[in-house]
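Me: I should like to learn how to read the features of a protein model. May we go through this one together, step by step?

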Amino acid sequence: MLLKILGVGEPILRTQAKKLTRTHLAKPEIQQLIDLMIKTMRDHPGVGLAAPQVGESLQIIVIEDKKDYQKHLQPKLLKEQGRVPLPLSILINPRIKVLNSTVLHNFEGCMSIQGYRAVVPRAANIVVSGWDRYGKQIRITASNYHARILQHEVDHLNGVLYIDHMISKTFMGEKYFSKKWARVGAEKIKNIIK
Ligand code: ZN
């Protein structure tokens, strides 16, 4: 079974998601929700998914960036974007701390805003703390693309979408993005936003 992904316009995508207690997290229905979120993210495939996107106003995110998703991109581009394969991470009640003022620009899309992309500035270096799916405290230090995915997903838990942070003149259709921008490095992206 896969979960239905809600599109922008649904009020739940603009709502602050609820924190989980360890008792709530241990419930079979929550553990099943996490499994289905992973399955749904992989089916799409996407690099991250937040519970409000599947209609659950809860502070749960899953992220994963498989090597397979990156194989059509040149190593030089991946290096420039600071994009490396990321193992599956499940984060409950995540909180972000920005480590310094370095900001990077790159394109983002969202499973809840199908068919579009835009350049979004994001903090380059962050620390995320929260729990794993068993309620164990975890702390993830992330940079570059990893930090971007985490900020995008944690935003979902606060009712925030990438379109709230995007450089609006870079907003474009997925088709045009694939044709013209998907293989373009950070330097060129920097030039179009000037
Ligand atoms: Zn999203």
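Me: Where do histidine 152 and histidine 156 lie, and how many residues apart are they?

Reply: The model is a predicted one. Both histidines belong to helix H5, which covers residues 144-157. Histidine 152 and histidine 156 are four residues apart, about one turn of the helix. Each of the two, histidine 152 and histidine 156, is buried.

Me: Which residues coordinate the zinc ion, and through which atoms?

Reply: The zinc ion is coordinated by Cys110 through SG, and by His152 and His156 through NE2. The distances are 2.1 to 2.2 Å. Along the sequence, the spacing of the donor residues is written C-x41-H-x3-H.

Me: What span should H5 have, and what span does the model give?

Reply: One counts 1.5 Å a residue, so the 14 residues of H5 should span 20 Å. The end C-alpha atoms of H5 are 21 Å apart, which agrees. H5 is also mostly covered, with 13 of its 14 residues buried. Just after H5 comes glycine 159, with a positive phi of about 70 degrees.

Me: How does one read the pairing of strands in a sheet?

Reply: Strands of a sheet pair through backbone hydrogen bonds, and the pairing is either parallel or antiparallel. In this model, an open sheet of three strands has the order E4-E5-E8, with antiparallel pairing. E4 and strand E8 (172-173) are its edge strands, as each pairs on one side only.

Me: How many bridges join E4 and E5?

Reply: E4 and strand E5 (residues 113-123) pair over seven bridges, in the antiparallel sense. The two strands form a hairpin, with two residues between them.

Me: Which residues of the largest nonpolar core touch the most other members?

Reply: This core has 20 residues, and Ile34, Met37, Ile60 and Ile92 touch the most other members. Helix H2 (28-43), strand E2 (60-65) and strand E3 (86-98) are the elements that give two or more residues to the core. H2 gives the most, with seven residues. Isoleucine 60 has contacts beyond four places in sequence that include Leu20, Leu49, Leu91 and Leu157. A second, separate core has 17 residues, among them Ile61, Ala123, Ile126 and Val128.

Me: What do the buried residues of H2 pack against?

Reply: They pack against helix H1 (22-26), strand E1 (48-50), E2 and E3. The buried residues of H2 include Ile30, Gln31, Leu33 and Thr40. H2 has 16 residues and reaches 22 Å from its first C-alpha to its last, close to the 22 Å expected.

Key:
Residues are numbered from 1 along each chain as its sequence is written. This is a predicted model: local features need pLDDT of at least 70, side-chain atom pairs count only at pLDDT 80 or more; totals for chains, interfaces and linings use all residues. Side-chain values use heavy atoms; hydrogens and water are left out. Donors are N, O and S atoms within 2.8 Å of the metal (3.2 Å for Na, K and Ca); water is not among the atoms, so sites may look incomplete. Buried means under 20% relative accessible area, exposed over 50%, partly exposed in between (1.4 Å probe, protein chains only). A nonpolar core is a set of buried Ala, Val, Leu, Ile, Met, Phe, Trp, Tyr and Cys residues joined through side-chain atoms within 4.5 Å. Contact means heavy atoms within 4.5 Å. The expected span of a helix is 1.5 Å times one less than its number of residues. Two strands pair if DSSP finds at least two bridges between them.
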